[in-house]
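Hello,

Here is the structure I promised to pass on. Please have a look at it first, and then read my notes below.

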Amino acid sequence: MPEHRPALASRTGNDAYPDPVGTVAYVADEFMTLEKARLNLRKKILQLFRQENREILEPAVQMALAILQPDLKYDQKENDRRIEEITRRYPSKVVPYRAGEVLVPFGKVLTEEDVLLLDANQAEERKNLYGRAPWVLLIIATSVTLYNLLPSASISPWSKRPPSYGLFRCLLIIAVILLKACLPFTSVSIYAVPIGFLPQSLLLLYPERAPVAWTTLLGALLVCLFSGPNLDVLFFFVFGGLVAIPLCPHVRKWFHVLTPSLAAGVLNAVVVLFFLLDWNLVASWLGTADRMSVTLFEKMSPVSLFARMGWAFAGVLCAGPPALLLLPLFELGWGTVSTSKLSRYTDLQHPLLRDLVVKAPGTYQHTMTVAYLAQAVGEAVGVNTLLLRAGVYYHDIGKTVAPGYFVENQLVGKNPHDELDPAVSCRIIMEHVQHGRNIAEKAGLPDIVTDFILQHHGTLLVEYFYDKARKASREGTPEVREQDFRYPGPKPQSLETALPMIVDAVEAASRTLQGPDRDKIQAMIRFIIERRIADGQLDECDLSTREIGRIVDTLTDSLEAAHHSRVQYPWQKQEDGGAEASNADGPRP
């Protein structure tokens with residue numbers, strides 16, 4: 001019963017009001033007992049006449065207290081009868097609920113039972129508040145500390161493109177706030193909270209799953225602490241978040257998010273079923289299968305059970321749209337690119353690539369070969385191969401401005417560089433980087449893709465024209481400066497942009513090998529990498545000796561497969577024999 005219960009009394013004394021008829025009910029807080037009234041009167045008299053002599057004042061106080069008489073009589077019998085009537089009208093009952101469940105839906109008009117339920121819940125929370133709060137704070141502080149320490153110690157060494165932990169923390173905070181906001185403004189089950197929003201948002205921006213899983217674990221823990229600490233809810237949030245990670249492939253289109261969402265929704269609904277089943281009841285009815293289904297569902301409220309399963313399914317299904325909706329804001333705020341956006345730039349029907357194949361077909365074929373080799377190397381060292389392929393596709397897009405000045409496009413005819421000064425030829429060659437940057441900015445390529453255009457040559461020396469200029473220099477002419485024959489840079493800043501620098505040179509050099517075998521190919525690759533290292537081109541990217549070994553082995557295998565020998569056909573032997581006979585007869589016009 002509430003604390004402010006009515007007290008039943010009848011008026012016995014004289015006052016200025018007419019006597020009430022019968023018994024009148026008063027709220028207990030509106031009157032006081034005779035003892036309390038006498039104590040208050042004595043206190044006020046002593047305060048009012050505190051300057052008077054206590055020996056004279058004390059008899060007056062006793063006279064005043066003696067005059068004070070009660071004017072209400074407590075009717076114990078009638079009060080007991082009223083209490084019994086209220087008890088019959090509102091019988092005591094236990095209302096069970098799980099941590100995190102909605103007690104009173106948002107917007108509902110409160111009944112007396114709702115008020116009592118909320119009062120009981122608040123009293124229970126206040127009772128253990130100071131005992132639980134330190135543990136909650138300790139768990140949060142420990143989790144945040146481990147989250148900041150473990151990625152650099154255990155995740156980063158396995159990730160060759162270190163994630164932006166600032167982005168991860170921002171997404172974690174936003175996700176916790178959004179998921180927490182779903183709780184007070186909804187009348188549905190806690191299982192409808194879209195916990196899959198966090199991992200799906202992270203996977204759309206960063207494809208490596210280890211840091212995404214770690215962030216999802218922390219997010220599930222924080223949301224559980226804010227919604228009511230409970231192991232069932234924690235396990236559900238952890239499972240609902242982690243199950244979305246292996247089910248999410250590299251999202252190429254926006255609707256690709258629906259497939260993992262549907263699968264994760266079904267799995268979450270099954271998990272809720274296992275959480276809510278009364279397994280003791282199931283075990284007790286294993287021997288009576290004929291009555292099990294009827295009695296079991298009578299005791300378990302199948303409507304409520306299936307409703308919660310439905311909300312669990314809907315919660316995961318609704319996680320994808322908010323992630324897609326907020327994705328442009330994350331891209332804009334953190335200067336990153338989603339996997340779905342990168343996929344658009346790996347489409348060979350992109351206007352820039354179609355323009356490349358028309359204006360510079362030799363460069364296009366070179367680009368496709370470099371992309372194939374870079375893909376193999378990227379998979380071997382564990383980088384973001386989608387970003388790597390997108391960057392390689394556009395790294396030489398600037399050659400479309402003057403394609404005839406590049407050797408791969410000089411199929412027949414005279415080389416235009418034969419009649420140019422080496423310094424002019426070098427400037428034309430190096431300008432393809434700036435032309436590529438201008439084309440990329442005009443086409444709206446992301447900065448992370450444009451970096452490949454600027455960094456794939458670093459500050460390398462254009463050796464051919466530098467040597468040609470030195471040989472052509474004479475005494476009395478200005479000294480040939482090496483810096484005039486170097487690319488403007490910058491040097492590669494990441495492993496993704498460093499790989500095209502190596503693969504580009506290896507692919508070009510492999511075309512000059514005579515009778516290539518594995519030893520020659522491997523020696524050529526090692527020579528090119530050592531030259532880049534000695535020139536300081538790889539100083540600003542994280543490249544280890546183990547990764548260099550993998551790069552050498554992968555490129556050797558790929559080029560050896562591309563330059564494998566074939567069996568000579570009979571007609572080729574006849575042509576070779578005829579050629580030898582004609583050569584024996586002597587030269588012909």
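Predicted model: local features only at pLDDT ≥ 70, side-chain atom pairs only at ≥ 80, totals over all residues.

Let me start with the lining of the largest pocket: by class, 17 of its residues are nonpolar, 10 polar and 12 charged.

Residues are numbered from 1 along each chain as its sequence is written, and side-chain values use heavy atoms, with hydrogens and water left out.

Back to the pocket. Its volume is about 1,300 Å³, and His457, Val462, Tyr464, Ala505 and Ala508 are the closest to its centre among the 39 lining residues. A pocket here is an open set of points on a 1 Å grid over the protein atoms alone, where a 1.4 Å probe fits, with protein on both sides within 12 Å along at least five of seven lines; lining residues have an atom within 4 Å of a point. Grid points are joined across faces, edges and corners, and the volume is the space filled by probe spheres set on them. Helix α23 gives the largest share of the lining, 6 residues. At least two lining residues each come from α18 (361-381), α20, α22 (463-472), α23 and α24 (518-534).

Tyr464 sits in helix α22 and counts as exposed, at 59% relative accessibility. Its partner in an edge-to-face aromatic pair is Phe465, at 5.1 Å centre to centre and 85° between the planes. Phe465 is buried, with a relative accessible area of 7%. Buried means under 20% relative accessible area, exposed over 50% and partly exposed in between (1.4 Å probe, protein chains only). For the pairs, rings of Phe, Tyr and Trp (its six-membered ring) need centres within 6.5 Å; planes under 30 degrees apart are stacked, over 60 edge-to-face and the rest tilted.

As for the chain, there are 26 helices and 3 strands, taken as DSSP runs numbered from the N terminus (helices H or I, at least four residues; strands E, at least two). Of the 589 residues, 38% are buried.

The largest nonpolar core has 65 residues, and Tyr394, Leu499, Val506, Ile525, Ile551 and Leu555 touch the most other members. Such a core is a set of buried Ala, Val, Leu, Ile, Met, Phe, Trp, Tyr and Cys residues joined through side-chain atoms within 4.5 Å. Beyond its neighbours within four places in sequence, Leu555 is in contact (heavy atoms within 4.5 Å) with Leu373, Val377, Ile502, Val503, Val506 and Ile525. A second, separate core of 40 residues includes Leu179, Val212, Phe236 and Ala319.

Helix α21 (residues 447-455) is largely enclosed by the rest of the structure, because 7 of its 9 residues are buried. Its cover includes α16 (339-345), α19 (385-394), α20 (422-443) and α23 (495-510).

Best wishes

Technical notes. Nonpolar A, V, L, I, M, F, W, Y, C, P; charged D, E, K, R; others polar.
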